[in-house]
Amino acid sequence: MAEDADASPPPTGGGGGDRKRRHASPVLPPPPPGPPPPGPHKRHRREEGGGGGFDRRRLGPVGGGGHDQDDRRYGNGHGGIGGRGGDGRYVNRAPDWSDSGRGGWNEGPGNGRREGLMSYKQFIQELEDDVSPVEAQSRYEEYKSEYITTQKKAYFDLHKDEDWLRNKYHPTNLEVVIERRNELARTTANEFFQDLPSGSLDTGPGLTGSAASKSGNNSSKNLVDSSDGKKGKHGNVPEDLYYAAPKAHPVSSEARRIRIDIEQAQALICKLDSEKGIENNVLSSSDHDKPDRDKSHGSMAPIVIIRGSSTVKGLEGAELLDTLVTYLWRIHGVDYYGMSETNEPKGLRHVKADARTYNGASSNATEWENKLDSFWQDRIQGQDPLEILKAKEKIDAAATEVLDPYVRKIRDEKYGWKYGCGAKGCTKLFHAAEFVQKHLKLKHPDVVVELTSKVRDDIYFENYMNDPKAPGGTPIMQQPAP
């Protein structure tokens, strides 16, 4: 031990110390060995009180204020997993930050700082030996949820003023986004209907035509351009695009399932068209109830499309279904078999499985069908996802409360009590207070937006945090220690 060898030994006897000696101090023998350290798989409970950081017993937040609702927009520095650890450094900072990593829980001797979310295997190595598998799993899920929440809060604070994020989640921006989306859907639908009777409609899985170019998405166009253009076994679809697209469950090619999907897709088209103001869609209905139609082999009453002045084309069965799911994808951003709806469709949608490769044997066919039907029935009976994010009812309720001071009760000698508008420069009078509220919302929207700015910002944050697919919400997994 070099340090001990260079140090002077303590004074001994009657006060005569080393300072009086002119020779070198003797080299001390090494100290006796202490008790052996616990084995590599042995851990003991530790009571780590005070401060922030992680408690080894639970790998959870100790001390601090936790995630108080009032502090939710400032997830870092408010205690808990997002607060400061005992060493004063932030715990679980997002990957956008420099010096990202966890502080507190693994900074003892021999533990280097490692970035990212721990795997379950890494996590349980930090637990004591007497934790049951059930409790360990519960603790890991809690830790993972807290980690992702902290990471998303940091990401939100970093990007919340950027238009691309506000356009996805802020209720004020969403008003314009919805209006533009509906206008684009109506334009694209008209172009789709022009191609339909001409026989030139491509029912492939990509975003072709104006929908792709106007959305700025060229991924599917590039795929189309790179294809050899051969069409045949899968209808009016290039072969390589069909094989490149993700596939639905094989049961999707059954005649029985095709008939169900036709009816469900038509109901979905009716719903989405009505939300976007698309009218007179010939695809949204057909003669399902005609008694002379043979439905035993998946046959459906055709939708008659007039071609020019003298020809008639009937769509039914698989051809009709392909047309319906193509319409849903290109006009409404709905991947029918993929069970998704987006305002920004990209790439290729899911396609129906090839009937020639399905022999009817599948262990999870019923489960997949139930999942598909449940997903789209909920949408048919539900509300536009963007309208939900806009939270109009919540904002209106908040506006009614904050606008009360702008409703002025005025005594008129001739007509009795009147209610005036309190907006700057406005002299309008009304017979009832609710008319003033309506007037303020219609004629003074700037006042309403200003007074409801806080609730709008709160909704913005909630929309982002509640979206499991939000950017910044995918954790970076921690690499194993070397």
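A helix axis is here a line fitted to C-alpha atoms over the stretch in contact, and the angle between two axes runs from 0 to 180 degrees between N-to-C directions. In this predicted model, the axes of helix α9 (residues 255-276) and helix α10 (residues 317-332) come within 10 Å and cross at roughly 30°. Since angles under 35 degrees count as roughly parallel, α9 is therefore roughly parallel to α10. The crossing in which α9 passes α10 is left-handed.

The residues that form this contact can be listed from each side. Helix α9 contributes I258, D261, I262, A265, Q266, L268, I269, L272, D273 and K276, which meet G317, A318, L320, L321, L324, Y327, L328 and H332 of α10. Sorted by class, the contact of α9 with α10 comprises 12 nonpolar, 3 polar and 3 charged residues.

Attention now turns to the aromatic rings. With ring centres required to lie within 6.5 Å, the count comes to 18 aromatic pairs. In the pair formed by Y143 and Y147, the ring centres are 6.3 Å apart and the planes stand at 50°, so the pair is tilted. Both Y143 and Y147 belong to helix α3 (residues 133-159), where they lie 4 residues apart, about one turn of the helix.

A final region is marked by a record. The unreviewed UniProt entry annotates residues 421-444 as "domain: C2H2-type". In the model, the end C-alpha atoms of residues 421-444 lie 10 Å apart, and this span is 46% helix and 12% strand.

Terms used: Residues are numbered from 1 along each chain as its sequence is written. This is a predicted model: local features need pLDDT of at least 70, side-chain atom pairs count only at pLDDT 80 or more; totals for chains, interfaces and linings use all residues. Side-chain values use heavy atoms; hydrogens and water are left out. UniProt positions are given in the numbering used here, feature names are shortened, and annotations may be inferred rather than shown by experiment. Helices (H or I, at least four residues) and strands (E, at least two) are DSSP runs, numbered from the N terminus. Angles under 35 degrees count as roughly parallel, over 145 as roughly antiparallel, 65 to 115 as roughly perpendicular and the rest as oblique. A crossing is left-handed if the near helix is turned anticlockwise from the far one by less than a right angle, and right-handed if clockwise. Contact means heavy atoms within 4.5 Å. Ala, Val, Leu, Ile, Met, Phe, Trp, Tyr, Cys and Pro count as nonpolar, Asp, Glu, Lys and Arg as charged, and the others, Gly among them, as polar. Rings of Phe, Tyr and Trp (its six-membered ring) pair if their centres lie within 6.5 Å; planes under 30 degrees apart count as stacked, over 60 as edge-to-face and the rest as tilted.
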